[in-house]
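Here is a short tour of one protein model. Keep the sequence and the 3D view open as you read.

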Amino acid sequence: MSTASPIWISDLTHYYNRKQEMPTLDDINLSIPQGQLTALIGRSGCGKSTLLQMVAGLLMPTEGAVRIRAHTVTKPSAKWNMMFQKPSLYPWMTVRENAALGLVFAGTYKHKKDRVEELLDMVGLSEHKDKNVQDLSGGQQQRVALARSLATEPEVLLLDEPFSALDAFTRTALQTEVAQICHDQNITMVLVTHDIEEAVAMADQVVIMSHNPGQIVGEKHIPLDYPRDRNSGEFITLKDELFAEFEKIDQAKQKKPFERLEVPKREVKPPVDDSLQQAS
């Protein structure tokens with residue numbers, strides 16, 4: 001089982017170039033406790049994928065910092081893995097070879113072969129391990145990417161709309177499976193999405209973002225057990241409440257399309273790191 005890491009984003013502002021009059025991200029402050037499943041939700045262009053890339057260490061902010069387990073993120077790490085919209089598999093390799101790549105690069109595959117086998121069984125690919133990945137469906141390829149991401153036992157899993165290109169049935173199944181896996185294996189998860197139902201299905205906490213500039217304008221706690229029943233009254237109520245929040249934000253942005261929305265100042269404290277407390 002992984003040891004989840006807390007994430008702290010403090011005073012983060014970002015401009016892609018000096019000609020920008022308005023920042024892509026403006027004064028982002030967010031505390032994510034270890035083991036929490038968090039969804040960043042907002043319309044296209046609100047900067048949620050940019051923010052996720054900064055958490056992954058793929059992009060540095062103009063101002064502010066991202067900290068994972070109190071360490072400032074300056075580059076990618078095997079401790080936090082990212083899944084994209086496309087699975088990015090090596091087409092000439094088998095399912096097993098693709099799933100093992102992270103361990104091969106880390107030089108630990110010989111000692112952890114059984115973990116790859118267990119993960120492929122867990123994501124429903126036990127009968128496809130020796131197949132070339134080109135022979136798999138889109139959903140099966142994303143399962144390979146998931147197994148590859150989990151093989152290195154990451155503390156944080158970052159998801160950039162990885163299910164958006166899949167059919168509705170496969171998308172729903174993977175949403176349920178990934179949320180359950182992260183919950184069961186104590187992995188801190190951050191999901192980027194514009195799908196309200198996906199956010200309610202997968203997250204403990206939903207962070208609402210607005211655009212022009214990208215800013216956090218609200219949060220909503222989702223107090224439901226995993227796996228979640230999408231037909232339950234509680235689920236439908238939470239989804240409706242989140243949709244109403246979005247409508248309210250849209251109406252506010254129509255009045256001030258290129259201005260920062262006035263929202264109450266959020267007091268954000270660094271998340272508690274249980275591993276440090278145990279060590280002391």
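## The model and its record

The structure is a predicted model. In UniProt, an unreviewed entry lists residues 7–236 as "domain: ABC transporter".

## The largest pocket

Start with the open space. The largest pocket holds about 490 Å³. Its lining has 22 residues. Nearest the centre lie Asn81, Met82, Gly102, Arg148 and Ser149.

Three elements each give at least two residues to this lining: β6 (80–83), α3 (101–106) and α5 (138–151). Domain 1 (7–79 + 156–255) and domain 2 (89–153) each supply at least three of the lining residues. By class, the lining has 13 nonpolar, 7 polar and 2 charged residues.

A probe the size of a water molecule, rolled over the atoms, shows where empty space is left. This structure has 3 cavities of 30 Å³ or more. The largest cavity has a volume of about 50 Å³. Its lining residues include Gln175, Thr176, Tyr226, Pro227 and Arg228. Helix α6 (residues 168–184) gives the most to this lining, with 4 residues. The lining of the largest cavity splits into 4 nonpolar, 3 polar and 2 charged residues.

The second largest cavity holds about 40 Å³. Two elements give two or more residues to its lining: β9 (205–210) and α8 (233–255). The largest share, 4 residues, comes from α8. Among the lining residues are Arg43, Met209, His211, Phe246 and Asp250. By class, the lining of the second largest cavity has 3 nonpolar, 2 polar and 3 charged residues.

Find Thr193 in strand β8 (residues 188–193). Is Thr193 buried or exposed? Thr193 has a relative accessible area of 1%, so it counts as buried. The cut-off for buried is under 20%. The Thr193 side chain takes part in two listed approaches. A polar atom of this side chain lies 2.9 Å from the backbone nitrogen of Asp195. The side chains of Thr193 and Glu198 are joined by a polar contact of 2.6 Å.

Next comes Met202, in helix α7 (residues 196–202). Met202 is buried because its relative accessibility is 0%. Along the chain, Met202 and Val178 are 24 residues apart. Their C-alpha atoms are separated by 8.0 Å.

## Asp167 in a loop

Asp167 sits in the loop between β7 (156–160) and α6. Its relative accessibility is 45%, so Asp167 counts as partly exposed. Which residues does the Asp167 side chain reach? It reaches the backbone nitrogen of Phe169 at 3.2 Å. It also makes a polar contact of 2.8 Å with the side chain of Thr170.

Now look further along the chain. Asp167 and Ile196 are 29 residues apart in sequence. Their C-alpha atoms are separated by 17 Å.

## Backbone turns to notice

Most peptide bonds are trans, and most residues other than glycine have a negative phi. Where are the cis bonds described here? One runs from Asn212 to Pro213, with omega near 0 degrees. Another runs from Tyr226 to Pro227, with omega near -10 degrees. Pro213 lies in the loop between β9 and β10 (215–221). Pro227 lies in the loop between β10 and α8. Tyr226 and Pro227 also belong to the lining of the largest cavity.

Two residues have a positive phi without being glycine. Asn212 has a phi of about 55 degrees, and Glu161 has a phi near 45 degrees. Asn212 is in the loop between β9 and β10. Asn212 counts as partly exposed because its relative accessibility is 29%. Glu161 is in the loop between β7 and α6. Glu161 is buried because its relative accessible area is 11%.

Methods:
Residues numbered from 1 in each chain as written. Predicted model: local features only at pLDDT ≥ 70, side-chain atom pairs only at ≥ 80, totals over all residues. Heavy atoms only, no water. 1 Å grid on protein atoms, 1.4 Å probe; cavity = no way out; pocket = protein on both sides within 12 Å on 5 of 7 lines; lining within 4 Å. Points joined across faces, edges and corners; volume = space filled by probe spheres on them. Nonpolar A, V, L, I, M, F, W, Y, C, P; charged D, E, K, R; others polar. UniProt positions renumbered as here; feature names shortened; annotations may be inferred. Domains from an automatic or database assignment. Buried < 20%, exposed > 50% of the residue type's maximum accessible area, 1.4 Å probe, protein only. Polar contact = N/O pair within 3.5 Å; in protein donor to acceptor, adjacent residues only side chain to side chain.
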